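Please walk me through this structure. Start with the sheet, then turn to the helices.

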Amino acid sequence: MSSAPVSTTTHPLAGIETPCLVLDEDRMLHNIARLKTRLARLGVPLRPHLKTAKSIPAARAVMDGPGGPAAVSPLQEAEVFAAAGVKDILYAVGVAPQKLDRVAALRRQGVNLSVVLDSLEQAAAVTAMARMTNDRIPVLIEIDCDGHRAGVGASDPLLVEIGRALHQGDAELRGVMAHAGESYSCRSVAALEQAAEEERAAAVACAEVLRSAGLPCPVVSVGSTPTAHFARRLDGVTEVRAGVFVMFDLVMAGIGVCAVADIALSVLATVIGHRADRRWTFIDAGWMALSRDRGTAKQPIDQGYGIVCDIDGRPYPDLIVTETNQEHGIIAVRPGSTAPQVTLPVGTRVRILPNHACATGAQHDRYHVVSAGSDAVRQWERFRGWSEAELSP
């Protein structure tokens, strides 16, 4: 049985209240540079999805410039980032007619905001709003490339019907977009490469169908973090979207997109007790801090609620958070492991690597940012929710 030392006040994270969210800036910048370099070789620009970051400083680190381009999920993200100067935004969730007033308001502010849809009902709502505001709202038609979620296919007559409804109405048919959500279930390099090619081929085929019908399709947008890292070619694609790659997480490591050492996000927690008869160690971070996401449960290695690391982010052998209550987490050696039990005295600081960076980040209102060679811990605000929020630029 090995013993870990209690954190001392000499460490920059030692005096911070726990639980809290920690961001390793060096890892984050490495992750960004890695994908941008790869896409540059393939000749396609990145439209980063900001749903993971939800932070103005983090967004500025990943975007090509202060004005974008960017993709968002909740419309609130578009509002917050637009207020910070981001002007080229794709609202990458199927648009609800009730949200078109907010879309129109952002466009009146000079934001080049485009929306996504896959039905004639949505198209009718968008064209009605376009007529009412005298603004040709740009639209991308969502493509189903793998049966994962929503979208239309190249052989579906609905594709051209939607395109015509938009083009002959008062909206702008800007192009198509696809998201290979099933790539998250891949378990090999070959499967990831195939998912990327199927995503590319489906989007390009739909663009060709629209063009053959005499309709414009200047934008062909594809993307997920797994396919962005494993696409072998991107012929016919005009942009790639990805988001969680900025932070990475244990799900991405389990797929093989990154290594555990690439994960830039963690939750800092404090050891608050033990139960020797069950070889449990208790921490002050439960599902309220870590989230309930169990995305690795279906992968070959189940990481529980997260891998346990020391205060510097170095994982302990096979030590995971096995259970969570609202404000308590239980640390134990992974079931079936022969790794030695590590004694973590009360007061020890640990960092938990998350299953899903987006879900864990959503529990917190700020990052505590650390970087190599610096004793300073900076704070970057992040935002949560679905309605308009105010955030310092």
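Predicted model: local features only at pLDDT ≥ 70, side-chain atom pairs only at ≥ 80, totals over all residues.

Residues are numbered from 1 along each chain as its sequence is written, and side-chain values use heavy atoms, with hydrogens and water left out.

Begin with the sheet. It is open and has eight strands, in the order S3-S10-S9-S8-S7-S6-S5-S4, with parallel pairing. Its edge strands are S3 (46-48) and S4 (70-72), each of which pairs on one side only. On average, neighbouring strands are turned by 30° against each other, direction ignored. Strands (E, at least two residues) and helices (H or I, at least four) are DSSP runs, numbered from the N terminus. Two strands pair if DSSP finds at least two bridges between them. Strands of a sheet pair through backbone hydrogen bonds, either parallel or antiparallel.

Now take strand S6, residues 112-117. Five of its six residues are buried, meaning under 20% relative accessible area, where over 50% is exposed and anything in between is partly exposed (1.4 Å probe, protein chains only). Strand S5 (residues 88-94) runs parallel to S6, and four bridges join them. Isoleucine 89 has leucine 113 in S6 as its bridge partner. S5, H4 and S6 make a right-handed β-α-β unit. Right-handed here means that, with the strands pointing away from the viewer, the path from the first strand over the helix to the second runs clockwise.

On to S7. Three bridges join S6 to S7, and the two run parallel. Leucine 117 stands opposite isoleucine 141 in S7. Valine 115 stands opposite valine 139 in S7. The chain crosses from S6 through H5 to S7, again as a right-handed β-α-β crossover.

Next comes S8, residues 172-178, with six of its seven residues buried. Six bridges join S8 to the parallel strand S7 (residues 138-143). Between S7 and S8 the chain passes through helix H6 (residues 158-168), in a right-handed β-α-β crossover. On its other pairing, S8 is joined by four bridges to the parallel strand S9 (residues 219-222). Alanine 178 stands opposite valine 222 in S9. Helix H7 (residues 189-212) carries the chain from S8 to S9, and this β-α-β crossover is right-handed.

How do the helices lie on the strands? H6 lies across S6, S7 and S8, running at about 175° to S7. H7 lies across S7, S8 and S9, at about 160° to S9. Axes are lines fitted to C-alpha atoms, for helices over the stretch in contact, and angles run from 0 to 180 degrees between N-to-C directions. Contact means heavy atoms within 4.5 Å.

Helices also meet helices. The axes of H3 (residues 75-83) and H4 (residues 100-108) come within 11 Å and cross at roughly 15°. That makes H3 roughly parallel to H4. Angles under 35 degrees count as roughly parallel, over 145 as roughly antiparallel, 65 to 115 as roughly perpendicular and the rest as oblique. Residues of H3 in this contact include Leu75 and Ala82, and those of H4 include Val103 and Leu106.

H4 also packs against H5 (residues 120-133), at an angle of about 45° and with the axes 11 Å apart. H4 and H5 are therefore oblique to each other. Among the residues that meet are Leu100 and Ala104 in H4, and Val126 and Met129 in H5.
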